[in-house]
Amino acid sequence: MPRRDSRAWLERPQLQDTLDGRFERRLTVLCAGAGFGKTTTLLQAIDKNRHDPYGIDLYLGCRAIDDREAEFAAALRRTTGADPAKPDTVRAVCDAFWKLSPEEVVLHVDDVHHLSQDGEAAALLARLVDTLPENGHLVLASRRAPPFNTARLEANGDAVFLHESDFVFSGEEQTAFLAMRSSGLENGAAAELGGWPALLELAARSGSHRVGDYLWEEIVESLPPRRRRDLARLVHLDWFDRKRVEAFCGESRELEDFLGDLPLSRVDDEGRMVLHALWSQALAEVDDEWSAVDLRCALESLVDELAYREALSLSIARAGAEQTHWLLERLAGSDASEIPTERLETLSSMLPAALAETPCGRLLAGRLRMRSDPRGARPDLQAAANGFRKNGEAELETAALDLLATVAFAMFDADGLRELASRADEVELPRAVAVAALCRATCAVIERRPFEETAAHLEAARATSVPLAGSDATTAAIGALDAGLPHRALEEIDRALPVATTANTGLLIANRYDAMWFGGQVGWDQLRPLDARPVASVNEMRNQATSVGGNLAFMNAVLDRGDAAREHLARALTYREYANRDGPQAAIVGQLAVRLLEGDEEAARVGVEAGVAELSADRLNNRLWKRGYPMAYVVSPKLRSLFDAGECGGVFQLGLDAARALVSFREEGDVALAAALDWKETAVLRTFFVPHLMLELAVAAIAGGNADAEELAHKLAESQRDPLRALATHANRKARAVAKQLLASVPERPSGELLLRVLGPLDLERDGVSVDDPILRRGRVRAMLQYLIEHPGTPRETVGAALWPEFDDEAMRNNLRVNLRHASKLLEPHRKSGEPSFFLSTGGDAITLRIGDGLTTDAQRFEALLDTAELADGTGDPRATLANIDRAIALYRGEYLEDAPEATWAEGERTRLRARFIRAALRAAQLRLGIGEFDAARALVARVREADPFEEHAIRLEALAYMREGNRSAARSVLADGLVRLHEAGIPAGEDALRMARRLGVQIPA
């Protein structure tokens, strides 16, 4: 926001009264020519609101560059704090307004005339006007009418215009202004200015009586020649500070001394000077006297600041071909890799045709094209490399070869990489040596050669001491993963991430995820966020869908997430026709894992054998396929010779050894191989088998005397009951004994999900359906469940004494035993006789109701939803905030353990949950107000007032709902009644309520 200078401003009540209403209408437009005081009027209104705030003011000053949609969108996002991750700028900005509801938010957009009438930026602004939430408002200042139709808003009374005639000083204002400035300008001379504020300001400050058509020229001509020259240099910049003045003018100066009393300049919030756009016209004919050396120094200073657009604009306007070529070298070389795409698009569009066709121009175009279409970037990059070779520009030729190598890798083009390595060998530069070595290392990865070969080439690249920005680590990580060395891959990736380019970072993170999987570090929590992974509609993204979908299907199946596994597999198969080179392997192993999870070993065998028959031998030696080796080995005797003959190392060898052990146990009853496995690597072993196969292997290991497998077997025994019962009849006597012991000691995880509803009267749901069981109507069972919900892990005597203090010890123990049996039957009706309860643990002296694993309470869900809502609110996502609050509030049927009113031990939790409900309902009401859903907002407020009749925020929100509907009478009535209630209860009203009362003219109780 512009910072006001030290000069006093003339108070203009008629303008400020109009601006005061900006918080109650959608659009306010200030339309007048240059120098009529539009910005001053905006700043006066903003200052006034700071002293007695009614809403939030935001300020955005447009520049000529903002006529580009990308630039204007970026400026809107910065000013409003919109989420940069949301692709739709208008939606992101509207969400930024909406999230601040019920606060009124005004965006002041100054100098809108920089947006061309039919341009994309103007269309963006028009969309914003149409889609603002109820608490969002716009004030536009422009030299011409807004670049969109406002008739509908004007007809509805939702738009107000201030025109030039409103800004012209009246005679009284002119006299007051000149007196304020202590100007000697005579009224007659001032009258010639027609009340134009800017000319009066200039005339008052210069003392000149000549203020006609040559005003701007006279100001320029009156400046000392050096100062005039310096301003002509600086006018090309968006802003300047002391450092830029020194770089452009050749000497260090204090900004205040440099600008002096120069009109139409200001200081922004960061203390930088900004010249009004009119200075560009005034200084257009001034010779800025650039020498080649001076201009080069100025351009270098801008490039060092990463101010590429300003540098390129100045270079094109003032420099010769040599200077512009130097700048293009910087842009097209390594500097461009970190420039955001929208900025790179801007720079590329600024190039004249002649520069765009130079090798540097083609390289810049290739860099830009690589971000969306690597294959399509190849012609530009090849043309650039050839042009640099012809011109003898070895450094830039090497940069082009480096990018071509990235494209070749993306296309799995080993021949292309070898050709690029040979070409790089011809360039006698350390960087070219590094590029050649990286090409050969990448070629070794693509052709699945031993990792030692990849590592040797990478060492050659690193020996050059050339910064590799993560390229070497990306290649090393892929090679290490294919070799079964996830820990080596993680080391490489974590070392490279801090210095990697944006392009390399994405690939490094993707490989880090795979390295974590093979290291046993990925579980349900890491997979859940990927459940709804989108697939782009463009072909360049579809080619990855099969690989990604197949991998995720495999992982989810291994972790017993059947529904998610099937969804990912369906996605992988849908896009298989577009699949890249490794897509089919991922789909085959994903399908293998899903079929085995479903227990159909025959279908799994047929599918994997058919899949292998389709692939050539060189396609069966990478991690996408190797992750499926162990399960394929188990189900397909036909393929075992293929696996036994192939190369396998690291974690993949561990998986294959485990598969041989499982086959030996199944076919020969031999447990020795299973027991010989390293069960301290359980997390890694689990990455290769679906749960029932893993349980079978663990039982064999325990039977063979390896106790390290017991922890995993106990965990799997909870859900894998049918496989465990089958193992209890196995031919191996020791395996039978292990399975029977697990059945007797480990409780079965019940199928389905149970929900205990404790917000309101106690109720039970199974898979979303209310349980109608006479047991639940037993008062003692209900009382025991309520107590155990609040007191997990409580000694038996304590439970009995708290619930039935009138009973003697024997009667209490009998009563407790009977009601525990009833409760267990209620919760687990299908539990087999003799097997332990899963939800009610009665071992030892304590009784524990196992909540959180197949059995949850609505209070837990309520709080989890509110936690998610608060997180969404904090990150600026009002839609997600409201959706989660709505779901949470729907769970809140009443007070916590409402039908246990005498349970004083529940009062603390009851009070806490009530407070969370009130906060959430108020926030939902605020957001409903933001989108004009007034009835829904009032319904929420009513629920809050039921919970707390003296909640001031509820009173204010109800009044605000009526106020935004235009029913000010109802708003006054609600607010007046509420203030009286608060006063009678001895509760002082807050400042927000009092401010609203003053605005509505409501009497405040004394």
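D111 sits in the loop that links β3 to α5 (120-131). Its phi is near 55°. That is a positive value, and D111 is a residue other than glycine.

P102 is placed in the loop between α4 (89-98) and β3. The peptide bond that joins S101 and P102 is cis. Its omega is about 15°.

## Confidence in the model

The protein has an average pLDDT of 86. A score of at least 70 is reached by 90% of the residues. Among the elements, helix α41 (residues 691-703) has the highest mean pLDDT, 97. Helix α9 (residues 187-191) has the lowest, 58.

Two stretches call for care. In residues 208-215 the pLDDT stays under 50. The model still gives this stretch 11 contacts beyond four places in sequence. In residues 536-540 the pLDDT is below 50 as well. Here the model has six contacts beyond near neighbours in sequence. Where pLDDT is low, predicted coordinates should not be read in detail.

## The parallel sheet

Which order do the five strands of the parallel sheet take? They run β2-β3-β4-β1-β5, and the sheet is open. The strands at its edges are β2 (56-61) and β5 (159-162), each of which pairs on one side only. Ignoring direction, neighbouring strands of the sheet are turned by 15° against each other on average.

Strand β1 (residues 27-31) pairs with β5 in the parallel sense, over four bridges. In this pair, L30 stands opposite L162 of β5. Helix α1 (residues 13-20) packs on the sheet and touches β1, β4 (136-142) and β5. The direction of α1 makes about 160° with that of β5. Helix α2 (residues 38-51) lies across β1, β2, β3 (105-110) and β4. Helix α2 runs at about 155° to β2.

## The mixed sheet

A sheet of four strands has the order β10-β9-β8-β14. This sheet is open, and its pairing is mixed. At the edges stand β10 (769-770) and β14 (855-857). Each has a single partner strand, so one side of each is left without a neighbour in the sheet.

Strands β8 (residues 754-757) and β9 (residues 763-766) run antiparallel and are joined by four bridges. L755 stands opposite E765 in β9. Helix α48 (residues 858-874) packs on this sheet and touches β8 and β14. The direction of α48 is at about 70° to that of β14.

Helices α21 (residues 359-370) and α22 (residues 374-391) pack at about 155°, and their axes are 8 Å apart. The two are therefore roughly antiparallel to each other. Their crossing is left-handed. Residues of α21 in the contact include P359, L363 and M370, and those of α22 include P374, L381 and F388. By class, this contact has 12 nonpolar, four polar and four charged residues.

Helices α24 (residues 414-425) and α25 (residues 430-446) pack at about 160°, with axes 8 Å apart. That angle makes α24 roughly antiparallel to α25. The crossing of α24 and α25 is left-handed. Among the contact residues are L417, L420 and D425 of α24, with V435, C439 and I446 of α25. The contact divides into 11 nonpolar, two polar and three charged residues.

Further along come α50 (residues 907-930) and α51 (residues 934-947). They pack at an angle of about 160°, and their axes lie 8 Å apart. That makes α50 roughly antiparallel to α51. The crossing of α50 and α51 is left-handed. Residues of α50 including F917, I918 and L922 meet residues of α51 including F934, L940 and V944. How many polar residues does the contact of α50 with α51 have? None: the contact has 14 nonpolar and three charged residues, and no polar ones.

Conventions
Residues numbered from 1 in each chain as written. Predicted model: local features only at pLDDT ≥ 70, side-chain atom pairs only at ≥ 80, totals over all residues. Heavy atoms only, no water. Pairing = 2+ DSSP bridges. Contact = heavy atoms within 4.5 Å. Axes fitted to C-alpha atoms, helices over the stretch in contact; angles between N-to-C directions. Parallel < 35°, antiparallel > 145°, perpendicular 65-115°, else oblique. Left-handed = near helix turned anticlockwise from the far one by under 90°. Nonpolar A, V, L, I, M, F, W, Y, C, P; charged D, E, K, R; others polar. pLDDT = per-residue confidence, 0-100.
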